[in-house]
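Notebook open, structure loaded. I'll jot down what I look up as I go.

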Amino acid sequence: MALSDIPQTLPPGDESGTADDRDSAYASQWQLMWWRFKRHRLAVVSGLVVLAIYLVALFAEFLAPLPPNQTSTRHTYAPPQSLGFFVPDGAGGSDFRLHVTGYKVEIDPVAIRRTFVPDESKIVPVGFFVESDPYLLLGFIPMQTKLIGPVNKGDPFYLLGADRLGRDMLSRIVHGARVSMSIGLVGVFVSLFVGVLLGGISGYYGGLIDDIIQRTIEFLKAIPTIPLWMGLAAAIPQNWSPLTVYFLITVLISLIGWTSLAREVRGRFLSMKTEDFVAAAKLDGAGEVRIILRHMAPSFLSHIIATLTLAIPTMILAETALSFLGIGLRPPVVSWGVLLQEAQNVRAVATAPWLLLPGLAVVIAVLSLNFLGDGMRDAADPYAD
């Protein structure tokens, strides 16, 4: 048989198939990871949910029907309104018209308090891309349009109800996603830098430096997390600006987050520092910092990404817990933890159970990030069975 008759490549696989059906012999590491990740259906769905949450946080001003701190004393604890699509036309039929039902106020003779009940005679027209008060999208784009809202400005529009000051819960949850989700990302990146740097130094050099770093990690992990955060957060002066408090809370949350990653990086470095590619980099004249950051750390980048994805929910829960306890972020900052402070009052929750909806947002975000992290952790080792 002639040499030209020998196939030079493997037969191409079906593009719609899984990694087993493809030409994996010539696939890169990232391609193999992507194919394995796609097989984890729950992780893919969770990834889409996480992407949607971050898009909502990014365009919060456009998506939120009202400003998060706009109050209305006439609608304190107003219940959620449901969207309707058809209204009677007066001739026995109905017309398609997006709307919500207005409120009427009644006095509860038992509790002796004001209550809101739907008033079918009051129809509040709702539209898309409606005119609103001027605002800055992303902080620098002037706009005067909202995705959805009442056609007539000033009409009551509370799809998820209102709080004790008549502020729209939907708008506050949308804006709260920006702070709660971003504090997880910022905290994780701080933990990434500190964990990779100290873990790499500990595993690469060993000896006394390794002992000092490991004893520091053990000391930090031995301290109960919540009391430590409470003590540090309570030391923040009350008169500091919300931006300064946000930065400090992120730093406080990151103080513990780097320890586990540093331990994992240290173990990898201990096993890799005798490899041939590290010796080749040394002979080529590369500095020690360059060897750590440019040669050794990228060799298990996929594992670091999976670890960080699983760490983001911990950061979000930490911020929520601190803000819920009143020692984290404080009003006028809007985060899911700050919103849940309203739910500390049992009487308020019994009167307005929709105040617990920020907790549902936390559950959805944390579960989605955990499932996404599980999928990425499995994909990080595409050769496993």
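**Asp168 and its surroundings**

I started with a side-chain pair: Asp168 and Ser171 are joined by a polar contact of 2.6 Å. This is a predicted model, so I kept in mind that side-chain atom pairs count only at pLDDT 80 or more. Where does Asp168 sit? I found Asp168 in the loop between β4 (141-150) and α4 (169-205). Buried or exposed? Asp168 comes out at a relative accessible area of 1%, so I logged Asp168 as buried.

Next I listed what Asp168 touches, leaving out residues up to four places away in sequence: Pro65, Leu66, Phe157, Tyr158, Leu159 and Gly161.

**Confidence check**

The mean for the protein chain is 79, and 88% of the residues reach 70 or more.

**Whole chain**

I counted elements: 13 helices and four strands in the protein chain. Of its 385 residues, 43% are buried. For contacts with a separation of 6 or more, I get 63% from residues 24 or more positions apart.

**Helix α2**

I checked the length of α2. Its 18 residues reach 26 Å from first C-alpha to last, close to the 26 Å expected at 1.5 Å a residue. Which residues of α2 are buried? I noted Ala43, Ser46, Gly47, Val50, Ile53 and Ala57. They cover an arc of only 125° around the axis, so they lie on the same side of α2. On the face turned away from that buried side I found the exposed residues Arg41 and Leu48.

**Aromatic pairs**

How many aromatic pairs are in the whole structure? My search gave five. One of them is Trp34 with Phe37: the ring centres are 6.1 Å apart and the planes are at 25°, so I logged the pair as stacked. Trp34 and Phe37 are three residues apart in helix α1 (residues 29-38), which means about one helical turn separates them. Trp34 is partly exposed at 46% relative accessible area, whereas Phe37 counts as buried at 12%.

I then looked at Tyr204 and Tyr205. Their ring centres are 5.2 Å apart and their planes are at 85°, so this pair is edge-to-face. Tyr204 counts as buried at 10% relative accessibility, while Tyr205 is partly exposed with 36%.

**Positive phi**

Tyr77 has phi near 55°. I placed Tyr77 in the loop between α3 (60-63) and β1 (83-88), and at 25% relative accessibility Tyr77 counts as partly exposed. Phe129 also has a positive phi, near 55°. Phe129 lies in strand β3 (residues 113-137). Why did I log Phe129 as exposed? Its relative accessible area is 56%, and the cut-off for exposed is over 50%.

Methods: Residues numbered from 1 in each chain as written. Heavy atoms only, no water. Helix = DSSP H or I, 4+ residues; strand = E, 2+ residues; numbered from the N terminus. Buried < 20%, exposed > 50% of the residue type's maximum accessible area, 1.4 Å probe, protein only. Contact = heavy atoms within 4.5 Å. Polar contact = N/O pair within 3.5 Å; in protein donor to acceptor, adjacent residues only side chain to side chain. pLDDT = per-residue confidence, 0-100. Expected span 1.5 Å × (residues − 1). Arc of directions from axis to C-beta. Phe/Tyr/Trp six-rings, centres within 6.5 Å; stacked < 30°, edge-to-face > 60°.
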